[in-house]
Amino acid sequence: MTTPLPVFRFLLAISAGLVLTGLPSPSRAQNIVVMVNGDPITDFDIEQRSKLDQLTTQKTPSRQEVINELIDDKVKIKEGKKYGVDPGVSDINQSYEGMAQRMRISSEQLTKSLETKGVRPETLKGRMKSEMVWTSLVRGRFKEKLMVGEKDVADKVREGGNEKLQIEGTEYKMQPIVLIVPRGSSQAFIETRHKEAEGYRARVGSCEEANSLFRSTPNATIRESVTKTTADLPEALRKVLDDTPVGHLTPPEVTRAGIEMVVLCSRKPTTIDTPKKREIREKMYQEKYEKTQKAYLDELRKAAMIEYRNR
């Protein structure tokens, strides 16, 4: 879904170190500007969202544009609760930490970076929550309507000439493994766990052995198997998997979760969609999604009780 907060633009803006003003005075912050279904939007909310938008889009939105965004968020969250879609604090924090990981910093560093620019982390988390709720609602309620038919995609591809629809690729079946490293552990402890991982690599020769070993190993976990094709994986990971014998573990990697590896259960040839076909399918889906979510949101806003107080 296209939103005012694309992750890549957010990361770019943070790294650019844009300078924003400080927080508003307490008296002004408490002024209620709009009531949405009995839920207030204050001057403080508007100023915070405005700063976040400036940071993420590098543009200055109008006050009314920001108010509309906040109204939309409240309408979306209320609709989500109606259908039981209500991410908890742990879900939001996990998403927040995921954003920090993609920036290659800790969540604490992300918080500090936001605060130095006058943005409270709760402002970003609030925006993330509304996006999570809305994406889940639209995709869940309109799943069939959003489906893109294979024939429609193929016809669109062929409009550009005698394009191929599929090419040869590889299918990988694998299971992620994590040796848990508690947050704040010393470098010596991390190195010890890393050596343990290398020891496990020498012992494991099949997925069955990996499951038997890691399901009974303390402070380690093996997840359910996942199947991905060449098109789903970045080139660096594909190379690692291609260089790993079937049944064996990939080299250990230190992550925020601990020491991570993957046991490669199978690797076999398959056919995959061409990049052109994938691009067209995604574009067609996105067009359907945008049209559907806009109509849905317009309907909810018309039914909402929106009362302006002070502009």
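I started with S106: setting aside neighbours within four places in sequence, S106 is in contact with A100 and R256 (contact means heavy atoms within 4.5 Å). I note that this is a predicted model, in which local features need pLDDT of at least 70, side-chain atom pairs count only at pLDDT 80 or more, and totals for chains, interfaces and linings use all residues. Residues are numbered from 1 along each chain as its sequence is written, and side-chain values use heavy atoms, with hydrogens and water left out.

I placed S106 in the loop between α5 (89-102) and α6; helices are DSSP runs of H or I, at least four residues, numbered from the N terminus. S106 is buried, with a relative accessible area of 17% (buried is under 20%, exposed over 50%, partly exposed in between, with a 1.4 Å probe and protein chains only).

Next I read along α6, residues 107-116, and found S107, L110, T111, S113 and L114 buried. Seen down the axis of α6, these fall within an arc of 165°, so they line one face of the helix; the arc is taken from the directions from helix axis to C-beta atoms. K112 and T116, on the other side of α6, are exposed. After α6 comes G118, with a positive phi near 80°.

Last, I looked up α4 (residues 63-82) and α12 (residues 275-303), which pack at about 90° with axes 10 Å apart. Axes are lines fitted to C-alpha atoms, for helices over the stretch in contact, and angles run from 0 to 180 degrees between N-to-C directions. I listed N68, I71, D72, V75, K76 and E79 in α4 as meeting Y296, L297, L300 and R301 in α12.

Terms used
Helices (H or I, at least four residues) and strands (E, at least two) are DSSP runs, numbered from the N terminus.
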